[in-house]
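Reader: I have a new structure open and I'd like to learn how to read it. Could you walk me through it?

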Amino acid sequence: MKLLFLACLSPKTGNHTTAERIRSHIESAGHTCELRDAAEFQSPAEVANLISSNPTFEGALAIHLFKAGRLLLDIQVPFGVIFGGTDINEDVKVEQKRVVMEQVLQKARFAVAFTDKLKEEAELYLLSQSSRIYVQPQGIQTEVSEKFCWSEFLRSSDASIEHVDELRVFLLVCGLRRVKDPLYLVEVFSEWHYENPLNVLVIIGPKIDPLFTVEVEAVVKSIIHASVSPESRRTELCRCFCRAAGVFLAQERSQQELHAAMKRCFAVVNSSVSEGMSAAILEAMDLGVPVLARDIPGNAAVVQHEFTGLLYSSPQEFVHQSHRLLSDHELRERVVRNGKLYVEEHHGLNQERETYRRLVDTLL
């Protein structure tokens, strides 16, 4: 069976990694799966023309009900959809998008949600047959680059390499787009860094939204020139430079290099406004790194506070939970141990592979 698989394929993003992994599962069952970027197509008619002109396509699959799923509305072959997260958490709030996604869900042979909560939200906001929505958590696999150099990584991020072994690096892994809210912690972290220069925040991820990326770069690199007297200007500028130096923006890396950086950092941070299921959080757990995640439904579905990680609901609470992680070694060891066990028990590749093989068979 040959499938057309549509997804948002910005390089080195969680969506891209997820799509490649699912494609691999499908092809391991003997099918052919052609993975294409949803951004290549402007309308459902274009996808319908592609499939009609290539009769070898017998089915289709899409990640994200609106961005990719809507492009399948005119095709004449059966298809399935996988919820992305922002489709159910954010796009349903826009009536025009909600109506389109409802149509997609009604036509789909099956739908996959990463969490029970995401399935419940879909059933609440979209007219759907719950029996056709399956819950399958993301499968997680980590691989650390053996050639990765921690000091070079910090240097290339403009972070200080003095006292490199004493630095406590908090790594915020996210694509640069508004829903990930990478600036949420910048101000409070800069203040915290001013109190203790060994605490630094490194933001790393692909530049998905060009305009927002410019905004992030401007905020991270800015030095505030306050109106002060000449005699105090030197002190003020030094303080502002110190504050600006507490937060850094790193260039995106390969998956293996990113995993190596995660393994070396003090904690992995998530500050998203919305998540379907954060692969970075699960990867951190698998790597034995503590997680500090913003308390939103998608994160709370995988992070049990004080058991598999720590949740925070404000920038100030983030600092409070970070202090606990720094001072309470028993807490740190507990969340690391339980987080790794959780991933091993609930996010294995074998179960994910079997689920997608079984669901694709329903398209035959």
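This is a predicted model: local features need pLDDT of at least 70, side-chain atom pairs count only at pLDDT 80 or more; totals for chains, interfaces and linings use all residues.

Reader: What is the order of the strands in the open sheet?

Author: Strands (E, at least two residues) and helices (H or I, at least four) are DSSP runs, numbered from the N terminus. Two strands pair if DSSP finds at least two bridges between them. Here six strands run β9-β8-β7-β10-β11-β12, with parallel pairing. β9 (247–250) and β12 (310–312) are the edge strands, each pairing on one side only. From one strand to the next, the twist averages 25°.

Reader: How many bridges join β7 to β10?

Author: Three, between β7 (residues 168–173) and β10 (residues 267–270). Look for Leu 171, which stands opposite Val 268 in β10.

Reader: Now, how do I read a helix pair?

Author: Two packed helices are described by the angle between their axes and the distance between the axes. Axes are lines fitted to C-alpha atoms, for helices over the stretch in contact, and angles run from 0 to 180 degrees between N-to-C directions. For α1 (residues 14–28) and α15 (residues 349–361), the axes come within 9 Å and cross at roughly 65°. Contact means heavy atoms within 4.5 Å. On the α1 side, the contact residues include Arg 21 and Ile 22; on the α15 side, they include Glu 352 and Tyr 356.

Reader: Is Asn 199 buried or exposed?

Author: Buried means under 20% relative accessible area, exposed over 50%, and partly exposed in between (1.4 Å probe, protein chains only). Asn 199 counts as buried because its relative accessibility is 1%. Asn 199 lies in strand β8 (residues 199–204).

Reader: Which side chain does the side chain of Asn 199 make a polar contact with?

Author: A polar contact is a pair of N or O atoms within 3.5 Å; within protein, one must be able to donate a hydrogen and the other to accept it, and residues adjacent in sequence count only if both atoms are side-chain atoms. For Asn 199, the partner is the side chain of Arg 168, at 2.7 Å.

Reader: And where is Trp 150?

Author: Trp 150 is in helix α6 (residues 150–156). Trp 150 is buried too, with a relative accessible area of 6%.

Technical notes. Residues are numbered from 1 along each chain as its sequence is written. Side-chain values use heavy atoms; hydrogens and water are left out.
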